[in-house]
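Take a walk through this structure, one part at a time. Keep the sequence and the coordinates at hand.

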Amino acid sequence: MIMICADGCSMIDRRMAFMESELPTFKEKNPQLEVVTELIRGQHPHLKGFYKNKNERVVCVKNMTPEDILLYATRLRNALGRKVVKLRTRHVTKHPSVQGTWTTDVKF
Amino acid sequence: MAHRRCLHSALLHATALISLKKSPSLSIVKALTSKPNPGITTSNLEPSWFIPWSYIRHFSSRKSDDSENEAEMEESSDGEGESDEMASDMVRDYSPEEKEAEAAAIGYKVVGPLQRSDRVFKDYEPVFAVVQIGSHQFKVSNGDSIFTERLKFCEVNDKLILNKVLLLGSPTQTIIGRPILPDAAVHAVVEEHALDAKVIIFKKKRRKNYRRTKGHRQELTKLRITAIQGIEKPEIKTDGKPLKAAVKKPEKIAATA
């Protein structure tokens with residue numbers, strides 16, 4: 001499904017708070033996810049989501065409260081890896097007509 | 001000049017009297033408002049520089065202004081606090097299952113259990129339904145995806161049953177609801193909760209030095225329709241070509257009240 005890995009920076013304390021309090025509950029609620037924490041020096045803390053369609057989504061969580069970080073993590077979890085593009089139609093179908101497409105020749 | 005001074009003093013005395021009359025109400029207001037001292041201390045400091053009659057006037061007017069402002073601020077802050085509390089209470093009160101069910105009824109959906117290893121995705125069936133989800137209506141068939149507003153109380157990979165079905169159709173039959181069909185049900189699965197692309201709201205008034213930029217991302221839910229119930233489904237496998245060939249179709253319209 002989705003793999004999320006949280007990368008941390010040694011600068012910000014809130015990231016530590018998130019890692020201690022929110023991450024374990026997040027891991028438990030989502031057993032299907034592989035959650036990896038890495039410490040990368042010189043970078044701001046961010047969340048990376050790896051999706052099944054080989055898409056990566058990066059969210060910077062610099063200076064964010066643990067609640068906000070959890071919100072972004074759940075957003076990454078809820079979303080598919082599709083590209084964020086303006087929707088063309090709200091209804092996507094392969095078979096648009098069941099009773100036949102109407103033309104001016106159709107008579108009921 | 002003397003006349004002016006007399007008038008001036010008369011006015012001042014009048015204002016002093018008026019302020020003195022107002023003072024009991026002001027004292028009551030002061031008792032009600034529990035504002036800290038800074039507003040009052042400044043007014044206490046300033047009158048010392050003035051003559052007693054002007055001292056009274058400034059003191060009372062300042063206090064009246066402060067107290068009025070304080071009262072307004074208090075009321076507005078209380079109102080906002082109450083509304084904020086109400087909003088937060090509204091969010092928290094949804095935890096009981098009854099209220100979730102009510103809210104789900106408003107959104108025309110019933111959350112079923114999560115699916116695990118259920119084969120819900122069937123082949124295409126030539127049946128369609130017109131379903132309503134929270135003021136938007138969709139003509140839906142098996143295997144379609146629909147983007148709706150963010151639905152609360154359902155997470156990814158949840159089964160939903162959409163109650164409000166307005167029309168059911170198949171190649172041979174059409175059932176029209178008035179306005180909804182009571183026995184029909186459309187099953188769907190929540191695919192994702194995602195944010196739409198960013199829309200930039202740009203406001204400008206020309207030659208008036210006014211320009212505002214605001215970004216907005218709408219929260220959407222993607223539903224995949226899995227099954228439609230409530231109509232007889234034909235078992236013919238080749239659906240597309242005979243349907244297009246037949247211009248007149250035997251349609252039995254059964255109106256259900």
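Over the face of which residue does B:K205 lie? The residue is B:Y210, and B:K205 is 5.9 Å from the ring centre. The model is predicted, and every value here is computed from it.

Chain B holds another pairing of charge and ring. The charged end of B:K139 sits over the ring of B:F128. Here the distance to the ring centre is 4.7 Å. Rings paired with rings are another matter. A search of the whole structure, over all chains, returns zero aromatic pairs.

B:K139 also leads across to chain A. There, A:S97 touches both B:K139 and B:Y124, leaving aside residues up to four places away in sequence. A:S97 belongs to the segment after β5 of chain A, a strand that covers 91–92.

Now widen the view to the whole interface. On the chain A side, 26 residues are in contact with 37 residues of chain B. The two chains bury about 2600 Å² between them. Carbon and sulfur atoms carry 51% of that area. In chain A, the residues that lose the most area to chain B are A:R90, A:V98 and A:Q99. Together they make up 31% of what that side buries.

How many salt bridges are counted between chain A and chain B? The count is four. One salt bridge joins A:R82 to B:E192. Their closest N and O atoms are 2.8 Å apart.

Next, turn to the build of chain A itself. Chain A has two helices and five strands. Along the sequence, they follow the pattern β-α-β-β-β-α-β. Chain A has 108 residues, and 33% of them count as buried. Look also at contacts in chain A with a separation of 6 or more. Of these, 70% come from residues 24 or more positions apart.

Which residues of α2(A) are buried? They are A:P66, A:I69, A:A73, A:L76, A:R77 and A:N78.

Methods. Residues are numbered from 1 along each chain as its sequence is written. Chains are lettered from A and ligands numbered from 1 in the order in which they are written. This is a predicted model: local features need pLDDT of at least 70, side-chain atom pairs count only at pLDDT 80 or more; totals for chains, interfaces and linings use all residues. Side-chain values use heavy atoms; hydrogens and water are left out. Rings of Phe, Tyr and Trp (its six-membered ring) pair if their centres lie within 6.5 Å; planes under 30 degrees apart count as stacked, over 60 as edge-to-face and the rest as tilted. A charge sits over a ring if NZ of Lys or CZ of Arg is within 6 Å of the ring centre and within 35 degrees of the ring normal. Buried means under 20% relative accessible area, exposed over 50%, partly exposed in between (1.4 Å probe, protein chains only). Helices (H or I, at least four residues) and strands (E, at least two) are DSSP runs, numbered from the N terminus. Contact means heavy atoms within 4.5 Å. Buried area is the accessible area (1.4 Å probe) that two parts lose on being put together, summed over both. A salt bridge is a side-chain nitrogen of Lys or Arg within 4 Å of a carboxyl oxygen of Asp or Glu.
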